[in-house]
Amino acid sequence: MTHILLRGRDIPDIWKYDVYVENGGYEAFKKALSLEPKAVIDEVKASNLRGRGGAGFPTGVKWGFIPQSEPVKYVAVNADESETGTFKDREILETNPHQLIEGALICAWAIQATAVYIYLRGEFWDVAHELDKRIEEARRAGFVGQNIQGTGWSCEVYTHLGAGAYICGEESALLNSLEGKLGQPRVRPPFPAQKGGGLYGEPTVVNNVETLANVPWIITNGAAEYKKIGTEQSAGTKIFCVSGHVAKPGNYELPMGVTLRELLYEHAGGVPGGKAMKAILPSGGSGPIIPATDAVLDTPLTYEDMSKIGSILGSASIIVMDETVDITWVAAKVTKFFKHESCGKCTPCREGTYWLDKVLDRIMAGQAQVSDIELIDNVAKNMQGVTLCALGDFAANPIIYTIKNFRDDFMQHVQKADIKPASKARQAAPAGD
Amino acid sequence: MTNTVRIIINDQTYDVPAGMNLVDAAKWYANDDIPVFCYHPKMEPVGMCRMCLVEMGTIEKDRATGQVVLDENGQSKVRWMPKLQTACTTTVSDGLVIRTQTQQVQDARQNVVEFLLTSHPLDCPICDKGGECPLQNLTMEHGPGVSRMAFSDKMRLDKHVPLGDLIFLDEERCIQCARCVRFQDEVVGDDVLAFHERGRSLQIITNSEPGFDTYFSGNTTDICPVGALTTADFRFGARPWELTEVPSICPHCPVGCNISLSTRLDRDFGGKTLIKRVMPRQNEQVNEIWICDKGRFGHHFSRSEDRLEDPLVRERSGRLFAKSWTDALAAAAEALKAAGSDVAAIAGSGMSNEDLWALRQLLAGLGSRRLGAWPPTHAGAEVVAQVGVGQGTNLGQLGRGDAVLVIASDLEEEAPIWRLRLKQAADRGAFLLVMNARPTRMDDFAAQTIHYETGEAVQALLALKDSDAWKQLAEAHNLVIVAGAEGLSLDGSRALAGAAANILLETEHVGKPNSGLLAVLPGANAMGLHYLGFTPAATLDIMQNPPKVLIVTQADLLLDDPTAAHWLAKVETIISLDLFASGLTQQLAAVALPIQSFAERDGSYVNGERRVQRFYTAQGPMGQALPAWQALSRLGEQLGQGTAKLSAAAVMVEIAQNVPAFAGVSFKELAKVERQYPDVGGKDLYYGGTAYRNRGGLGIQIPTAADQGQTVARFEAAADEPPKTRGKLVIVPSVRLYNRERTFRPSALVHARVPEAYAEINSADAKKLGIQDGDTVEIAIQNAPALRVRAHVNGGAPKGTVIVPRHLSDTAAPLAVTVGEVSKAEG
């Protein structure tokens, strides 16, 4: 099929302004400008486009929350792509950047925003500098800046680099970081779309790169056409980031509803070396890990079907593990990641990730007992549902679901454990003060 | 009348004001203390600690009809949220239902406490907070009782990190609640603290140089819910349960903050009672639950080495000898008898009302009414008595629709808690106009700033009527004018207060709460001096026409006034009632009588808002010192003026009978308290911090003439003649909060923060005089020794003006605005 998002695969030079325009670029924006802003929102609503950042919230509904009475409104583009195993936004930014800019501008028009801020993760240094050039091209063509296309409406587009924090992909932490504050999530309500909750307190739409990149196609071809792709509840295509033990890791843009089996075996080439597939992390480190059973492999990749098997579609960053992988090691690895990335604001997440990491270290070092498995399971459960943002839940998932689905892997570590006598452990600890 | 909403807490229905925070509402109305660590009733909620999780739902209503949906039992149906919700981030709304005592809530609380304790050192036995620690208390109430965290897994961090000279951070104890960070940011406006790093590495840091650079740092130790922040003054000094709390009033400035003196029998003071720390005592109308660092750390003078301990009499040789009280009083009485009515008194503003009454009675018995108030720098008290802020004023209520004008005062230095509360008023939407001859800290919070020429404060105020700001002031719902006296003569300060009063009268902002005049008077009891008949004008008269005998009570004349030696030379006999062996006492006094400080006896002060407030005896006397009222009363007895009074309370009875302003005031009335919102200081220390519940009295506010319905006539408000410079520079004394006054010098821990003596010189003037920033300069004024200070040439002074902060060295800076010559000093 031809791509909607990864058009760089079909037209290699589409990152160039001229090539993009030759292939219908910015026509959608021009069409949107000829429509009432509300009509644009309605069209996106009708397309059933859902947020591609992971939460899957209906995009048009989100835009519709913006109070039109407020004079200052913003669009914040979430390009902080930092979920483990996710590399879809990067490909859009590198190979099809004008489509993102165009999508963001259509969103800006729809909510009558005064500025678009593209927040990129700190490691996207080169990407951001290239993107700045693309924005300049759009500006020269009269799509950015004052009195855009003679409509009397003005909108600036800026890029902003983060400082390397996973949590800044969470929308309210992103807004804090954009404002120059510590990247910690905010109390909601007020939500970003409300007065007082957005960037500098102004109503703000925060959308993922992939989400906005869908928008020009929807405006050009219409919501009805878009809904023909994918399933009823999960319309359109999705970029699946496949990594781990597959022959051909990479990004695959496919209609939603494709099964895991088709994605992993037909497109990604299956597990190399003829090994068996053991487990799948369907949404990076943050989603529940699932065993690669037949039932799982036959599950369509949609928001609705993935939740039925006790996992989530999330950002669709699928990490595949073959039979050689020790799932305890995976749990320890992912926990280290969340311990490193917890912002520290909420007690359960700040203390819990640290505690889990300490115990997992001991499990991996053969210094733990069976009771330690129950301990981390319980600690992780105590972290669930009690934190300000979802990171507390994300950090609990790898423990709860690895123990639930792969308990044997844990048991192997504790059964062969060589536990030091308690007195020695006490001696090893520094003297109290 | 505020709107109320109906909420249900644990199956009980309550009507509470709309817009109220749920934690506050549950506590105030339902007596349900929802545990919190990060939430504080004086700050915006952040929902970080997760301790306040409760079951939450709403009463279900039919969407079409708006009717409450009933279940099969006829009870209103509640739509419960799937997860627990933080009470602190919830504003009450109609139909809100919460449960705070269910198993699910108990488990959540236990889990949060367990998480907090994983990395907490549990060093309660050596922790200053132990015994009054929210974490300790909530652990006892909700904690799991056993630790599942392996000891070797615990985090080890620095335990003695100085954030500045005054506050230490124990990184292990910190639970990252951000109360200190938010206090500095939201309440104070000095955002000198911040979080560094993230996750479990999150730590409090200071980003100012010097560290934790603010006048309010001590408050963070009160609201810190663990022992992470401790003061350099108190840390390792005592255990909370050993301390006796004595209600008192801060003696340092006109705000009159309510404080609590924590005392114990102490090894460091021969086993006798000693103040170990000063804590805020809640008085929502005066200082809420805050005090400044001068108030907190400025108590050491009460036990300083240079306290006067024995009565002294100067013999013919010119040397002072220690005498008994009988002999010393006899010597004083002899001198007074010989002088007849040619007697005058100068009383410092640290004297209590009872002291002042005794002094006034003594002089009246001798036939003199020459009662001088010290220092004679501000004549606004008489205007305040007419049109001061109305009875019931609470600066904490000023907000949107109100206006505040601050003029001729560096409020941060002169009255820090007023500055803090007015900054918050501006945050709440009050229009804050700041007018000064030079930039001050208050400018940072002002909606508008006006800088006028030195000495032209009155002109600037008169010109306001033609400015854009006028409408904001005139149409404000409430208007408070805060008038200082910087750059003004005594007459100038009277004119400025008068001009301010005229604005208040014209715009009808008198005689009602939250409107009126506040004068930034010097000292803790300047209003008491006024009400008891002591005036700065009388002081100027005494300086011009010295009497034969001058009684000086608690006034450090030589350190305050460089010309004092000059005019005191004409006084025959000086009787000094002194806290310290001051220059006056040591060099000039014929008789020196040791008196007790505010901490050693009881009494009352009248603060700048005219609130009579009572303080209590906290520690024993130094040597033979007596309360001043007693010494004076016994002196009167020697002179045949009747029997000496037996108690301060008895003196107050006499004041109340004779001075109309004190009608109805008695120590008993002053001790009355009522429940204050927010309800801090109870057993739930986690709620408001360790500020003390007020058990010593809220005081009584003296009504103004306007409050009593009297018609107040317009005031004379002629502009001051600008000083004739004749080629010299105008020397403007200013006030620095941290200085080397005898009442602050003994607080050694603040020394590093007291600036070296300096003068701000305008760059144009400096260039003309060949002076550069950092040079040593000499300032010469008439009848005074030359003052050597460091020149600061950095934009702090207007052209033609030299700003000289008072009390930064042992040489007195000018008392009032004057002219002088500045020259570069040799060497």
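The contact is made by 34 residues of chain B and 37 residues of chain A. These come from a predicted model. About 3000 Å² is buried between chain B and chain A. Carbon and sulfur atoms give 58% of that area.

**Residues at the interface**

- Three residues, Phe115(B), Arg148(B) and Arg198(B), supply 26% of the area that chain B buries against chain A, more than any other three residues.
- By class, the side of chain B that touches chain A holds 16 nonpolar, 11 charged and 7 polar residues.

**Salt bridges and polar contacts**

- The interface of chain B and chain A has 3 salt bridges.
- Arg198(B) takes part in a salt bridge with Glu341(A), their side chains meeting at 3.0 Å, N to O.
- Polar contact links 18 residue pairs across the interface of chain B and chain A, with both residues at pLDDT 80 or more.
- Helix α2 of chain B, residues 103-118, gives the most to the side of chain B that touches chain A, with 6 residues.

**A sheet in chain B**

- An open sheet in chain B is formed by 3 strands in the order β7-β8-β11, with antiparallel pairing.
- Its edge strands are β7 (161-162) and β11 (229-231) of chain B, each of which pairs on one side only.
- Strand β8 of chain B, residues 167-169, runs antiparallel to β7(B) and is joined to β7(B) by 2 bridges.
- Pro162(B) stands opposite Phe168(B), which lies in β8(B).

Technical notes:
Residues are numbered from 1 along each chain as its sequence is written. Chains are lettered from A and ligands numbered from 1 in the order in which they are written. This is a predicted model: local features need pLDDT of at least 70, side-chain atom pairs count only at pLDDT 80 or more; totals for chains, interfaces and linings use all residues. Side-chain values use heavy atoms; hydrogens and water are left out. Contact means heavy atoms within 4.5 Å. Buried area is the accessible area (1.4 Å probe) that two parts lose on being put together, summed over both. A salt bridge is a side-chain nitrogen of Lys or Arg within 4 Å of a carboxyl oxygen of Asp or Glu. A polar contact is a pair of N or O atoms within 3.5 Å; within protein, one must be able to donate a hydrogen and the other to accept it, and residues adjacent in sequence count only if both atoms are side-chain atoms. Helices (H or I, at least four residues) and strands (E, at least two) are DSSP runs, numbered from the N terminus. Ala, Val, Leu, Ile, Met, Phe, Trp, Tyr, Cys and Pro count as nonpolar, Asp, Glu, Lys and Arg as charged, and the others, Gly among them, as polar. Two strands pair if DSSP finds at least two bridges between them.
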